[in-house]
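Here are some notes for a colleague opening this structure for the first time. Please read them with the model on screen.

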Amino acid sequence: MHSVSISDSKLPSGICNTELSNLSRPDYENEKVIHRNRLPPRSYHIPKSSLLLNGTWDFNLSPTPLFAPKPPSVRSRVSSRSSTNFQVVTPLGSTESSTITEDADEDDQIFWSTIQVPGHWQLQGFGNPHYTNVVFPFPVCPPYVPTENPTGTYRHSFLVPAGWDEESQIRLRFDGVDSAFHVWINGIEVGFSKGSRNPAEFDVTDIVKRTDVNEIFVRVYKWSDGSYIEDQDQWWLSGIFRDVHLLAFSSKGRIEDFFLKTELDESYFNGVLSVSLKLMLKEDCLVRVRLGSSLGKSDRISSHEEFVESNSSFIRVNLPVANPAKWTAETPNLYEVEISLHPTSDSSVSYQVVTQRVGFRVVELKEGLICVNGTPLLFRGVNRHDHHPRFGRAVPLAFIKEDLLLMKRHNINALRCAHYPSHPLLYDLCDELGLWVVDEADLECHGFYDAVARPLDIPESMNYEERKKLAFPQAAEFTSNNTDWRAAYFDRITQVIQRDKNHPSIIIWSLGNEAFYGCNHKVMYDYAKEVDPGRLVHYEGDPQALSADIFSYMYTPIEKLIEFATATDELEKPIVLCEYAHAMGNGPGGLEEYQAAFQKYPRLQGGFIWEWANHGLWIEKPGEKGFYAYGGDFGDTPNDGNFVMDGLCYSDHTPTPGLVELKRAYEPLKIYINQNRDLELENRQAFVGLENFKANFRVESFDDSKTIHASDEVPLPSVSPGQRKSIKLPFDISEFEGIHECWVTITVWLRTSTNFADAGHQIGWFQYPLNEGRQITLQPTLSSNLTVRSTRFHHKVENHGFSFSFDRARGCLSHWKVDSNSLITSNTYGSALSYGLWRPPTNNDIPYDVGEWRRYGLDTMHSQLRTLDIRRLPSGEVAIVAHMWISPPMLAWGFEAETTYILSGDGSLTVDSRLIPKGPMPKYFPRIGLDLRLSTSLGNSTWYGLGPGESYPDKKSSQMVGIWNASIDQLHTPYEVPQENGNRMGTKWVKILDDRGRGVKATGVTEDGRMTAFNWQASRYSAETVEKAKHPADLVADDVVYWRLDAEVAGVGTAACGPGVLEQYRVKCEEKRFRFRLESVLT
């Protein structure tokens, strides 16, 4: 029997709880008052003897704490300056009376409404949500908070269950209250707590009535000094937003806390389960520990019984286990531990029973790398906030589970809880499903940066590392490097570790986020390493990793990341990107390049995408379209606008194209065809082989339709974790090399069902062109029957059933009719076809590119016709050649554009374009190609190319070559902040058709008549409409289909917060030559 401390918060020297508090300030703006009367933090465990108090509570919202309703009595169990500078609370047992006389009838005027608990009051009709990313929405003068401090008062009645032991200890537990609160029961003050995402538990044994109605009275403050260190990138939302429980524990003996640790021998084979218990005993008791194979099974692997004397408060039990099944994110093997406490007189009676699942695993730094069970990890992770589009951070557990299932189904293996401890039951799900978890303390004070940087006039365009040198040391002095705040920081790390310490999925503790670096972080780190040396510690704000086991970075460009990875051969600590690939709007781009770097350089152990989901809050007003709101939509100022819409999922937590792209980048099995034309398999898993994967291939060719030539299973060999193996293709390539546009596709599925997906769930896929370089040649047709008529205004070329008209003043196509039906529609200038360089900016275009694009007038290009010639070619075709100057107003740069329209007797039109830039020109374009205006009746599309979703040069890996169909409306990607979307790459031909299957077809053509790939997009919304819209509800369809045919489009990058588009994915300003063939489709 050993004496161990597992949940006592060992405050560093000079720190105390309440005795050093400054009584001239109320608790909610006194950084030295962390809590009053709160019990020590402990492992999350809700006993069977519990009463869930969630539901409908009485509620009042007051503009300030002074105006808030008073509890029915001023008796108090704690000596405190409770809630305001104006109310003196008399301590329990004191004969001193208040020095201020208040009108007892004032509270008779209080209006009580009702509210749902858990929940936020701003989402239930009381006040408005407020969003900021970095800046504080109040003056920066810690620890003081605004006088206008909305205060929510809650009132609720309950009865103690009749079956509870009358001598039991009764506790009141809050799992999350934003941002600070006082609580009373039956008019007696129970206590006070800060730390919005941390639990608070109080002993109310002496206050509750066992056989009568009890009343809970809670006063919640929107702002507290804690708000300065809870400046996470999310909505400011207030109230009791997690569960409230009444708990009963035996007064004769109880398990106050427990800590389960697993150890493995040097070969990671045999294990030991270490069980540390903190006990409260009033009599001698029997402690029983049982280890079973899994939850719900009765088999017992190991057990231990021990008699403990009443004067014992700590014991430790070690249970050896021979070759336990190991826990990893790929093999989430769990065991069930049951800890029970019994009277010595009758072991069949239980004072308390605790069950907890445990996984055998060891976390360590080994040769400078993060290892679990001796194996280095690669994090394919995401950051996740607690968010629900209607409930805010009051997220139902079923919704959380769907998040985690969706992650696993998209090949995500790691989760960072940003930037606070999540719902306590999330970690049970991570243990069960298999996710590496970084659990983060509820700490961020990013707003101090602006408080320092704005007066210094530090430009945002300055290099981030240089900005940090100028501002971060000063910003840290507010709280992080201020010993007055040491207790607050210490409480944050204590809370997260003590609540969540028994979860095998948690392998790293994080000291918080974007809180600069100071002496208080050192205190946090030292505590974490003392209490739980079996886990690593992370903190990105510590650039030298003085108080961290990992070098952590955010949004580092790939070339800089590689520089870090190769700076030294001595790998003392690894590198992890705690945030990267900012997934805002149409993005992220460049995922494949990051993964390639992670795979190549061992020191780079992956990262966590920012972030999992948009944080939009649903708004729907009578008679109006609903939408997901962001900063400013509630009249909240200051705000950071739509920066809260930066997720891989939409606000309803369904996948965006970014998540689909990520699934492809994170595939656990990569397949290639090597130079020997063998199939090469790369197992990117760290702990398991390919036993639960199956693969199928199909060989198919594409003309106007798809033809499947062969299909069968691909027998997968045994490939060890992290290894490669080559096998022969299951077919003879030579049999298909003569077939045009022929591809092999290999798809990988789950062989059997798992706890996150059914058998047959697609894990990944691979495509390879079997006839690369062999393309169909488009033969010209005889065109002797073409008729040419010229008038003062137009050149008209026609044949049986079709006609084209060209504007002689502007040199452009103005009309195209087939069987008297117009396929195109002209704009106000008589043009239906023009050159296009512009696209509605993406979120990622805005920081750097859009300003340059506008500076060069790319959104206001005009054309000037210089010459227009028409002639008949020897083939009988008619050529119309227009020489134009394409240029913006005010500027002296532009394109010399030569456009040759070749009209054939079969009704096709080939548009041959040559553009030569002249003058002081921009470096890059958003795109370059043709803009066409089609008849609104052409509402459907069919194409051969990448699909079915959108694709861009740095965001296309998730799209497969095939023949695809979609309506024009379905082509639109409904980003919650409207922006550029819906581009399709790698297209050889596309048809835009009406409901009868008639319309127009475009084919990319080389100069010698071969098919070539191009980009296209079709939409009912103009670029101007998309650009001006704040929300999808603002989009108004025009009576036209806007059709883009592009030779090149730019990538999307992640420049909203991170690197921009890589050089190879940009559209450079240089001479361009491209050609499209347009033809009508009659059936």
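1. In the predicted model, M554 has E579 as its bridge partner, and E579 belongs to strand β32. The two strands concerned are β31 and β32 (residues 575-580), which run parallel and are joined by four bridges.

2. Which sheet do these strands belong to? β31 and β32 close one end of the order β30-β29-β28-β27-β26-β33-β32-β31, an open sheet of eight strands with parallel pairing. At the edges stand β30 (536-538) and β31 (551-554); each has a single partner strand, so one side of each is left without a neighbour in the sheet. From one strand to the next the twist averages 25°.

3. Next come the helix pairs. Two packed helices are described by the angle between their axes and the distance between the axes. For helix α3 (residues 447-456) and helix α4 (residues 464-476), the angle is about 120° and the axes are 8 Å apart. The helices α3 and α4 are therefore oblique to each other, and their crossing is right-handed.

4. Which residues make the contact of α3 with α4? On the α3 side they are F448, Y449, V452 and L456, and these meet R467, L470, A471, F472, Q474 and A475 in α4. By class, this contact of α3 with α4 has eight nonpolar residues, one polar and one charged.

5. The second pair is helix α8 (residues 591-600) with helix α9 (residues 657-665). Their axes come within 10 Å and cross at roughly 30°. Because angles under 35 degrees count as roughly parallel, α8 is described as roughly parallel to α9. The crossing of α8 and α9 is right-handed.

6. In the contact between these two helices, L591, E592 and Q595 of α8 meet E661, L662, R664 and A665 of α9. The residues of the contact of α8 with α9 divide into three nonpolar, one polar and three charged.

7. A UniProt record, in an unreviewed entry, lists residues 796-1079 as "domain: Beta galactosidase small chain/". How far apart are the end C-alpha atoms of residues 796-1079? They lie 17 Å apart, and the span is 6% helix and 46% strand.

8. Another open sheet has nine strands, with antiparallel pairing, in the order β49-β50-β51-β52-β63-β59-β58-β55-β56. Its edge strands are β49 (862-872) and β56 (960-967), and each of them pairs on one side only. The twist here averages 20° from one strand to the next.

9. Strand β58 (residues 989-993) pairs with strand β59 (residues 999-1004) in the antiparallel sense, over five bridges. One place to check this pairing is V990, whose bridge partner in β59 is A1002.

Definitions and conventions. Residues numbered from 1 in each chain as written. Predicted model: local features only at pLDDT ≥ 70, side-chain atom pairs only at ≥ 80, totals over all residues. Heavy atoms only, no water. Pairing = 2+ DSSP bridges. Axes fitted to C-alpha atoms, helices over the stretch in contact; angles between N-to-C directions. UniProt positions renumbered as here; feature names shortened; annotations may be inferred. Parallel < 35°, antiparallel > 145°, perpendicular 65-115°, else oblique. Left-handed = near helix turned anticlockwise from the far one by under 90°. Contact = heavy atoms within 4.5 Å. Nonpolar A, V, L, I, M, F, W, Y, C, P; charged D, E, K, R; others polar.
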